[in-house]
Amino acid sequence: MNYTDIHTFLTIASSPSLSKAAESLFVSQPALSHRLSALEEELGTELIIRKKGSRTLELTEAGQRFVPIARKWEQLWIETGKIKFEQPSTQLRIVNVDSMNFYFMPQVIGNFLEEHPKCSLHINTMQSNLSYKAVENKDADLGLITNPHFFKKVQTIPLFEEQLVFVCGEEAPYQDGLLPSQLDSADEIYIPWSNTFLMWHDYWFGNDPKVKVMLDNMALLRQLLDLKNAWAIMPATLGRKLAEKENCRIVSIENGPEYRTCYAIMNDQRSEHPLIDDFLNELLKTVGNIPEIRLLDLTFRRKNP
């Protein structure tokens, strides 16, 4: 069975008679009948009802059932023929935690797209555990997360550590050299940045402290720092941005939280997408110039120095 056989049958099925179908296909009626008979022989059933002296064409029950199948077959053949003319899709799907969208990420994206102008980046913000699911299900090519988990089919690679800093409004009554014991969690704008931060926070403020506001993303963070005596712990790059442009201050704190680690997560077959390494190279190159960040893994930079 080939495209000619299928196209012939569909032409017959849509024509009032075999002679009209032959005219449409620019073949003789005997040649058309031969094609039809060959198709019927291959399928093992008759497709049209043959009545002597009848000028109209009527499909058998099997012929009627074969029409939608033949149409699908023809469409697949047409789509298959287009493959050689289509350009390969260049799309990179990234999932990352909310805090990764600020400060350095726009620069990383801009530089990456300059090197890969035909690439289409799809970036979705989601929590670390959901990012693992997206990568495992191949709904994302790359994830950037801060809370590592174990997923059998997903590899987790530590990339860099970022300092966490204390930030407050310009008028808040906090001075350099703060101790955690001097802070009241009831004034805190709290975001659970990482597992190591949670351990530090539990140590100083208890397992279930009262906080002023608890957030699961950063959309309201800046505005809430205007509340009386409000304070927050946050990644240093975000704190620097708020201190430079948003009327906030970074205050040094003794015995502060440990650095927060950022990880890349991806499918075990990383080579499936050729642009993953390029994007990670650009990310590491950018954050490597930020004083509050320490690189942990140089694999990607070594591949493309």
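Predicted model: local features only at pLDDT ≥ 70, side-chain atom pairs only at ≥ 80, totals over all residues.
Visitor: Which residues of helix α2 are buried, and on which side do they sit?
Guide: Helix α2 spans residues 18-25. Its buried residues are A21, A22 and L25. They cover an arc of only 100 degrees around the axis, which puts them on the same side of α2.

Visitor: Which helices do the buried residues of α2 pack against?
Guide: Two partners take part. One is α1, residues 3-13, and the other is α3, residues 29-43.

Visitor: Are α2 and α3 roughly parallel or roughly perpendicular?
Guide: Their axes lie 9 Å apart, and the packing angle is about 100 degrees. Angles of 65 to 115 degrees count as roughly perpendicular. The two helices, α2 and α3, are therefore roughly perpendicular.

Visitor: What classes of residue make up the contact of α2 with α3?
Guide: From α2 come L18, S19, A21, A22 and L25. They meet Q29, L32, S33, R35 and L36 of α3. By class, that contact holds one charged, three polar and six nonpolar residues.

Visitor: Which element gives the largest share of the largest nonpolar core?
Guide: This core has 33 residues, and F166, Y174 and M234 touch the most other members. Elements that each supply at least two residues include β7 (164-169), α7 (195-205) and β10 (231-235). The largest share, five residues, comes from β7.

How values were computed
Residues numbered from 1 in each chain as written. Heavy atoms only, no water. Buried < 20%, exposed > 50% of the residue type's maximum accessible area, 1.4 Å probe, protein only. Helix = DSSP H or I, 4+ residues; strand = E, 2+ residues; numbered from the N terminus. Arc of directions from axis to C-beta. Contact = heavy atoms within 4.5 Å. Core = buried A, V, L, I, M, F, W, Y, C linked by side-chain atoms within 4.5 Å. Axes fitted to C-alpha atoms, helices over the stretch in contact; angles between N-to-C directions. Parallel < 35°, antiparallel > 145°, perpendicular 65-115°, else oblique. Nonpolar A, V, L, I, M, F, W, Y, C, P; charged D, E, K, R; others polar.
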